[in-house]
Amino acid sequence: MGKNKYILQKMKSAFIVSFTIVFVGLGLNLILSQIVFNGGTNTPFDAEPLKYDSFVMAETFLFEISYTHPLTANIVYILITAIFAGVLGMMGAALAISIHERKMVYALTFAIWFIPILFKNSSMHIFQPFMEYDFNVVVPMAIWCIVLYILVIITAIIWEKKIVEV
């Protein structure tokens with residue numbers, strides 16, 4: 001198998017495995033939550049259900065959609081989270097292909113994932129339904145993270161190809 005074909009196969013499998021693990025895990029969690037809490041209409045603690053008060057909660061489009069369609073919002077956010085997990089899996093695989101030191105790959109992958117979490121508009125907002133932030137916060141952070149991860153993937157692949165050619 002040629003080097004390009006090998007790298008492409010590893011990138012595909014890294015995306016598919018990472019995406020599937022996160023999607024299945026969060027999907028099972030959602031299904032079990034729906035069963036246990038009767039679709040969100042029952043709590044085992046007999047607590048009075050929380051009521052949405054537009055004067056207390058932030059009025060953003062994303063929150064309104066999440067609140068009025070909670071199951072759909074959860075499914076969409078599960079897909080978004082699984083896609084990001086797939087891209088992060090690809091990034092880790094690309095770094096592993098180009099940097100042959102396992103500890104360095106783990107540290108770099110963790111750092112590149114963790115740094116956007118530290119910002120004021122954290123990358124964690126991308127994965128959270130029912131929050132006070134709207135598209136003006138979430139979309140730029142999502143684009144920034146995806147571009148960063150893809151640049152790391154491309155750089156790692158180019159690095160590996162250049163080293164092998166030399």
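Biologist: What does Phe 110 count as, at 46% relative accessibility?

Modeller: Phe 110 counts as partly exposed, because its relative accessibility is 46%. Buried means under 20% relative accessible area, exposed means over 50%, and partly exposed is in between (1.4 Å probe, protein chains only).

Biologist: What kind of model is this?

Modeller: This is a predicted model, where local features need pLDDT of at least 70 and side-chain atom pairs count only at pLDDT 80 or more, while totals for chains, interfaces and linings use all residues. Residues are numbered from 1 along each chain as its sequence is written, and side-chain values use heavy atoms, leaving out hydrogens and water.

Biologist: What counts as a pair?

Modeller: Rings of Phe, Tyr and Trp (its six-membered ring) pair if their centres lie within 6.5 Å. Planes under 30 degrees apart are stacked, over 60 edge-to-face, and the rest tilted.

Biologist: How does the pair of Phe 61 and Phe 135 look?

Modeller: Phe 61 and Phe 135 form a tilted pair, 5.9 Å centre to centre with 35° between the planes. Phe 61 lies in helix 2 (residues 61-68) and Phe 135 in helix 5, so the pair ties together parts that are 74 residues apart in sequence. Phe 61 is partly exposed at 48% relative accessible area. Phe 135 is partly exposed too, at 40%.

Biologist: Which residues form an aromatic cluster?

Modeller: Phe 15, Phe 19 and Phe 23 form one.

Biologist: New topic. How many helices and strands does the chain have?

Modeller: The chain has five helices and zero strands. Helices (H or I, at least four residues) and strands (E, at least two) are DSSP runs, numbered from the N terminus. Buried residues make up 31% of the 166 residues.

Biologist: How far does helix 4 reach?

Modeller: Helix 4 (residues 102-114) has 13 residues, so at 1.5 Å a residue it should span 18 Å. Its end C-alpha atoms are 18 Å apart, which agrees. The expected span is 1.5 Å times one less than the number of residues.

Biologist: Which residues of helix 4 are buried?

Modeller: They are Val 105, Thr 109 and Ile 112. Seen down the axis of helix 4, these buried residues fall within an arc of 70°, so they line one face. The arc is that of the directions from the helix axis to the C-beta atoms.

Biologist: What exposed residues does the face turned away carry?

Modeller: That face of helix 4 carries Lys 103 and Tyr 106.

Biologist: And helix 1, how many residues has it?

Modeller: Helix 1 has 34 residues. It reaches 49 Å from its first C-alpha to its last, close to the 50 Å expected. Its buried residues include Ile 7, Met 11 and Leu 30. Asn 38 follows helix 1, with a positive phi near 50°.

Biologist: How many salt bridges does a search of the whole structure find?

Modeller: The search finds one. A salt bridge is a side-chain nitrogen of Lys or Arg within 4 Å of a carboxyl oxygen of Asp or Glu. Here the side chains of Lys 3 and Glu 160 meet, at 2.8 Å from N to O. Lys 3 lies in helix 1 and Glu 160 in helix 5, so the pair ties together parts 157 residues apart in sequence.

Biologist: Is Glu 160 buried or exposed?

Modeller: Glu 160 is buried, with a relative accessible area of 5%. Lys 3 is partly exposed at 31%.

Biologist: Last one. Which helix gives the largest share of the nonpolar patch?

Modeller: Helix 1 does, with seven residues. The patch covers about 1000 Å², and Phe 23, Leu 28 and Ile 83 are among its residues. Areas come from the Shrake-Rupley method with a 1.4 Å probe; for residues, only the protein chains shown count as cover. Patches are made of residues with over 30% relative accessible area and no salt bridge: like charges are joined within 9 Å, nonpolar side chains (Val, Leu, Ile, Met, Phe, Trp, Tyr) within 5 Å.
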